[in-house]
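This report goes through selected local features of one protein model. The structure is shown first, and the notes follow.

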Amino acid sequence: MAPALDPATTGQKTHRYLRLSLVFVVFALLVSVMLETVVVSWEPFALGWDPLPSLSHYFYTSARSVFVGALIAASLALLALSGRNRATVLLDISATFAPLIALIPTGIDADRPVDGLSCPGPEECIPAPYLGDVRAGVVAYVIVVIAAVVTMAVIRGRKRIRVPGARLVSAIAIVTAVVIAALAFIPALNADFPFNFWPFPSSIHFAVTIAFFGTFAAVPVLLSREPLDEQETPPTPGQKTFYRWVTRLMIADLALLIAAFLFRDALDGFPAVLIGEVIALCLFAGFWGVQTFQRWTDANPPGLA
């Protein structure tokens, strides 16, 4: 018997495959990191084992293009998907931080060169050849954020529509853009850019990375407490158990990430931050994929998560 045509509407199909694309974005990022970890040389080709301290350090390797592209793609997908619950607002907020993780890289430790790059002094740094790219990326980010916020505000005004959480997300995006621009370009503030973001103990990159992981890690926590939407396909007992475990592991992993970063000097090169980030991405991709299939036939899904 030949399979029947999919009766889903164009909107349903777009929602399904845009969600699934996020799982593949995470997969692409992890594949590029794994390749760079086990391939110690492409010319001549040589295998080995060389994990870096964190995912962000792969910015300085051959995985850079995939690393930056994956974060930009994830941000766009999160913003493009829509919903009507508070989880949507959280992931819209996380989408404002994702590009900054790619545009403002982590620093290289003075005693741990990456792909031949090192720092001239005892403090961690971003190698001088990359600083121009970082500042150019910040300018582009600020301009795009302002243009997007203004454009969406005009559309909502012209169409006379109200989008729950839109003002909050817009305010966070504008404040983030203004603060980053000030730290990058105001002479009284930018002497140590990008290692000048108070009250955090290190760089702007660390601040936005924790903000990103924190906001999307809060999504399964929030959904585990909210009542089921009446238009939503209820999860099976197995899916409920899976969601509960993802919630617990997300919270534990976020605590691990913060502790691993704060005490990284005492870890003697052990890549605890890298492990924590990989676990977080795998948990998120698993949660996202399972929930996509839970809501596969929903005519009007309650939210992007």
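## Surface patch and local geometry

Leu-47 has a relative accessible area of 61%, so it is exposed. The model is a predicted one. Leu-47 sits in strand S2 and belongs to a nonpolar surface patch together with Phe-24, Phe-27, Val-31, Leu-35, Trp-42 and Phe-45. The accessible area of the patch as a whole is about 780 Å². Two elements give two or more residues to the patch, namely helix H1 (10–38) and strand S2 (45–47). The most comes from H1, which gives 4 residues.

Helix H1 also holds Thr-37. Thr-37 has a relative accessibility of 5% and therefore counts as buried, the cut-off for that class being under 20%. A polar atom of the Thr-37 side chain lies 2.8 Å from the backbone oxygen of Val-33.

**Backbone exceptions**

Most peptide bonds are trans, and most residues other than glycine have a negative phi.

Arg-160 is not a glycine, yet its phi is positive, at about 55°. The residue is found in the loop between helix H4 (128–159) and H5. With 78% relative accessibility, Arg-160 counts as exposed, since the class begins over 50%.

**Cysteines**

How many disulfides does the model contain? The count is 1 disulfide, formed by Cys-119 and Cys-125 with their sulfur atoms 2.1 Å apart. The torsion about this S-S bond is about -105°, so the disulfide is left-handed. Cys-119 and Cys-125 are both buried. Cys-282, by contrast, has a relative accessibility of 41% and so counts as partly exposed.

**Helix H7**

Helix H7 covers residues 237–262, 26 residues in total. From its first C-alpha to its last, H7 reaches 38 Å, which is close to the 38 Å expected at 1.5 Å a residue. Which residues of H7 are buried? They are Gln-239, Tyr-243, Val-246, Thr-247, Met-250, Asp-253, Leu-257, Ala-260 and Phe-261.

Conventions:
Residues numbered from 1 in each chain as written. Predicted model: local features only at pLDDT ≥ 70, side-chain atom pairs only at ≥ 80, totals over all residues. Heavy atoms only, no water. Disulfide = S-S within 2.5 Å. Buried < 20%, exposed > 50% of the residue type's maximum accessible area, 1.4 Å probe, protein only. Expected span 1.5 Å × (residues − 1). Patch = residues over 30% accessible without salt bridge, like charges linked within 9 Å, V, L, I, M, F, W, Y side chains within 5 Å. Areas by Shrake-Rupley, 256 points an atom, 1.4 Å probe, with all protein chains shown as cover. Salt bridge = Lys/Arg side-chain N within 4 Å of Asp/Glu carboxyl O. Polar contact = N/O pair within 3.5 Å; in protein donor to acceptor, adjacent residues only side chain to side chain.
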